[in-house]
Amino acid sequence: MKTLLVTGGAGFIGSNFVHLILKQLQDIQIIVLDKLTYAGNLDSLLDAEGDPRYTFVHGDICDAELVTRLFKKQQPLAIVHFAAESHVDRSIDGPAEFIQTNINGTFTLLEAVRHYLADSEDEVKSRFRFLHVSTDEVYGSLGPIGYFTEETPYAPNSPYSASKASSDHLVRAYYHTYGLPVLMTNCSNNYGPYQFPEKLIPLMLLNALEGKALPVYGTGQNVRDWLYVEDHCTAILQVLEKGTPGEKYNIGGHNEKTNLDIVHTLCDILDFKKPRADGKSYREQITFVKDRPGHDMRYAINASKIKKELGWIPSEAFETGIVKTIDWYLNNLDWCHRITDGNYHRKRLGNLE
Ligand code: NAD
């Protein structure tokens, strides 16, 4: 029986990953370690509750004593590290949490793994993997052409991406200095079920349904490459099972869209599925607001390495993934209301005013 430690498993991508693993792998024990910040919710893991293969531990990845104890007790064969502060706008308002969790937290896990492996049997030493989940935002901003490859130099522009870049460097250093069997993935923007409604797609969807403004930053021409979250999770599983220690893999969806394209698509699908009472289009609710400070213009991923070396390609087209996502939110509005529990009101963050 293989034991897998998943940090941040109550968040958006982490909870999707837990669901995928429980569906695909029988011979597995999953331990989720999560602090349950505003972005982490046990409601996202309700389907796993009661499954004997799943255990939840409430705790902070920065708590060295807890993390060390967890490794000793559970003897995992791998860690998939999702836990992070993940919202760029929040990193503009309050970067300290990002430095703490994303840098110090990753450092705490690396140290715990280093000591755990030093005391482990040779078989664990040779099979163990530390998979660090990172973002394409570490590469900075692209002009109208070109793609991020694994060799693109780091040039982070927000406190969020700078903290993720720092954690990537630490992970890399632990491979070169201590021989830790690390793997790293840098992925583009994810969308799909269980995303906290501060991020573009669920935020716009809920605002649209409530007749609120749909605030598009700047002119809405910033481009992101969108990947359906389940595709990201299958890529992570492949990297975990077949990736080469010390290597990093870019993951992308081949779906470059401007933010305005995304909002238009969302409005058009809602016009069809949930028409406004006055018969007008949800596009009428779009408003253009002051741009995000340091807003990167374009991200685009060259994902040929993971395709060539591990055979992974995304299976969901944006056109189908967005419909699935909208259907999921329309069927799970009570989840949205439960997880926002009165603290978050979809107000503008990171405006520096
Ligand atoms: P999320 O904000 O939805 O979830 C983060 C989870 O981490 C939450 O459950 C939260 O409670 C937990 N957490 C935060 N601080 C913690 C701490 N100190 N100790 C333990 N748990 C803590 O994030 P997400 O969108 O699911 O992203 C997961 C990872 O993937 C992050 O590392 C992020 O940088 C990376 N990533 C995200 C995207 C994206 O589009 N969402 C794209 C590429 C990479």
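Me: Is cysteine 233 buried or exposed?

Reply: First, the ground rules. This is a predicted model, where local features need pLDDT of at least 70, side-chain atom pairs count only at pLDDT 80 or more, and totals for chains, interfaces and linings use all residues. Residues are numbered from 1 along each chain as its sequence is written, and side-chain values use heavy atoms, with hydrogens and water left out. Buried means under 20% relative accessible area, exposed over 50%, partly exposed in between (1.4 Å probe, protein chains only). Cysteine 233 has a relative accessible area of 0%, so it is buried.

Me: How many disulfides does the structure hold?

Reply: A disulfide is a pair of cysteine sulfur atoms within 2.5 Å. The structure has zero. For cysteine 233, the closest cysteine sulfur belongs to cysteine 187, and at 9.2 Å it is too far for a bond. Cysteine 267 is in no disulfide either; its nearest cysteine sulfur, in cysteine 336, is 17 Å away. Cysteine 267 is also buried, at 1% relative accessible area.

Me: Now the ligand. Which residues are closest to it?

Reply: Count a residue as near if one of its heavy atoms lies within 4 Å of the molecule. Here 28 residues surround the ligand, and the closest are Ile13, Asp34, Ser86, Tyr160 and Lys164. By class, the shell has twelve nonpolar, twelve polar and four charged residues. The classes run as follows: Ala, Val, Leu, Ile, Met, Phe, Trp, Tyr, Cys and Pro are nonpolar; Asp, Glu, Lys and Arg are charged; the others, Gly among them, are polar.

Me: Which element gives the most to that shell?

Reply: Elements are DSSP runs numbered from the N terminus: helices (H or I, at least four residues) and strands (E, at least two). Strand 5 gives the most, with three residues. Helix 1 (12-24), strand 5 (129-135), helix 6 (159-178) and strand 7 (189-191) each supply at least two.

Me: What lies 2.6 Å from an oxygen atom of the ligand?

Reply: A polar side-chain atom of aspartate 34. Backbone atoms take part too: a polar one of isoleucine 13 is 2.8 Å from a ligand oxygen, and an N or O of phenylalanine 12 is 3.0 Å from one. The protein covers 96% of the 830 Å² of accessible area that the ligand has on its own (Shrake-Rupley method, 1.4 Å probe).

Me: Last one: where does valine 67 lie?

Reply: In helix 2 (residues 64-74). Valine 67 counts as buried because its relative accessibility is 1%. Contact means heavy atoms within 4.5 Å. Leaving aside neighbours within four places in sequence, valine 67 is in contact with Leu33, Asp60, Ile61, Leu109 and Ala112. Leucine 33 is 34 residues from valine 67 in sequence and 8.9 Å away in space, C-alpha to C-alpha.

Note on methods
Polar contact = N/O pair within 3.5 Å; in protein donor to acceptor, adjacent residues only side chain to side chain.
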